[in-house]
Amino acid sequence: MASLHSDVPTRSGALDTPGFGTLMRQWRRRRGFSQLELAELGRVSQRHVSFLESGRARPSRQMVLHLSEMLDMPLRERNRLLHAAGFAAAYRESGLDAPRLAEARHALDLLLRQQEPFPAVVVDAAWNVQLANAAAQRMMAFLLGPGSDPAQPLNMMKLPLHPKALRPFMANWAEVASALLHRLQREAMDSPAAAAVLAEVRGYPDVDALWRKVDWDSEPAPLLGFSVEKDGLRLDMVTLIATFGTPQDVTLQDLRIESFLPANEGSEQLLRELARQAGD
């Protein structure tokens, strides 16, 4: 299976981590809790929560982990909260090729192979492609053509929104772009990586105007459908996204497996024909 990156970069947070109290307050408010609600949820006193946020009390390592669990923080952000409190990280961040992730990598490779002849990719928190099956590479080559490389590394958020990537071939671009921006905005609340991608794509032509029109109160659709047309051929696809259920590694929690499935018989036949022509 093609690996586009052998390592996932680490994030120490040493230069941009605010104080523990500030960071905790930000996450409490992000989750919509008052100090009293968080105290009751965590079975501590409201006075203690107040003292932690104001800096009048210093948390134990166990208390940091307890509160981060109550706030349902991503593992990467739990490490950041621990660092702000003066403790070492609790969750390791490994490269996909690391020996400790060998079983997970094998499972990912197997999932991607089983998806053939339909495309599937594994992306990180910033939606950069880390792994791709042969079908995904064929689809990208068909749409982008040889030598086209507008966004490196390949990024499954930037490609549909970039005016020189997939956007010119998308028959329902505005609908797809709105759905992607809706998802990216929600992820940006918890992920600095997603927030950085959102900031970049809003600089693409027409994207910021579309972002301003998104109905943020609506629930995301369970499936995202898109249609692409090129050289008289049309692909109608739907996408499914899966994650690791209970990861204990930052990298694994960041990963998503995105599968592209044909929405009709004609699209299925086209994908099978592309595989046949490639000799797969």
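Tutor: Start with contact, which means heavy atoms within 4.5 Å. Helices (H or I, at least four residues) and strands (E, at least two) are DSSP runs, numbered from the N terminus. Buried means under 20% relative accessible area, exposed over 50%, and partly exposed in between, with a 1.4 Å probe and protein chains only. The buried residues of α10 pack against α8 (158-161), α9 and α11 (207-211).

Student: What kind of model is this, and how are residues numbered?

Tutor: This is a predicted model, in which local features need pLDDT of at least 70, side-chain atom pairs count only at pLDDT 80 or more, and totals for chains, interfaces and linings use all residues. Residues are numbered from 1 along each chain as its sequence is written, and side-chain values use heavy atoms, with hydrogens and water left out.

Student: How many helices and strands does the chain have, and what share of its residues is buried?

Tutor: The chain has 13 helices and six strands. Of its 280 residues, 49% are buried. The C-alpha trace spans about 65 × 45 × 30 Å along its principal axes. Among contacts between residues at least 6 apart in sequence, 63% join residues at least 24 apart.

Student: Which residues of α10 are buried?

Tutor: In α10 (residues 192-201), Ala194, Val197, Leu198 and Val201 are buried. They lie on the same side of α10, because they cover an arc of only 100° around the axis. The arc is that of the directions from the helix axis to the C-beta atoms.

Student: How should I read a nonpolar core?

Tutor: In soluble globular proteins, nonpolar side chains tend to be buried together. A nonpolar core is a set of buried Ala, Val, Leu, Ile, Met, Phe, Trp, Tyr and Cys residues joined through side-chain atoms within 4.5 Å. Here the largest core has 45 residues, of which Val121, Met156, Leu161, Leu181, Leu184 and Val201 touch the most other members. Helix α9 gives the largest share of this core, seven residues. Apart from it lies another core, of 19 residues, among them Leu23, Leu71, Leu81 and Leu82.

Student: What does Leu161 touch?

Tutor: Not counting residues up to four places away in sequence, Leu161 touches Arg167, Trp173, Ala177, Leu181, Val201, Tyr204 and Val207.

Student: Is His182 buried or exposed, and which backbone oxygen lies 3.0 Å from a polar atom of its side chain?

Tutor: His182, found in α9 (residues 173-188), is buried, with a relative accessible area of 5%. The backbone oxygen is that of Ser218. Leaving aside neighbours within four places in sequence, His182 is in contact with Val214, Asp215, Trp216, Ser218 and Pro220.

Student: Where does Leu38 lie, and how far apart in space are Leu38 and Leu71?

Tutor: Leu38 lies in α2 (residues 35-42) and is buried, with a relative accessible area of 0%. Leu38 and Leu71 are 33 residues apart in sequence and 8.2 Å apart in space, C-alpha to C-alpha. Beyond neighbours within four places in sequence, the contacts of Leu38 include Met24, Phe33, Val49 and Leu71.

Student: What is the relative accessible area of Leu52?

Tutor: Leu52, in α3 (residues 46-54), is buried at 2%. With neighbours within four places in sequence left aside, Leu52 is in contact with residues including Phe20, Met24, Pro59 and Leu67.

Terms used. A polar contact is a pair of N or O atoms within 3.5 Å; within protein, one must be able to donate a hydrogen and the other to accept it, and residues adjacent in sequence count only if both atoms are side-chain atoms.
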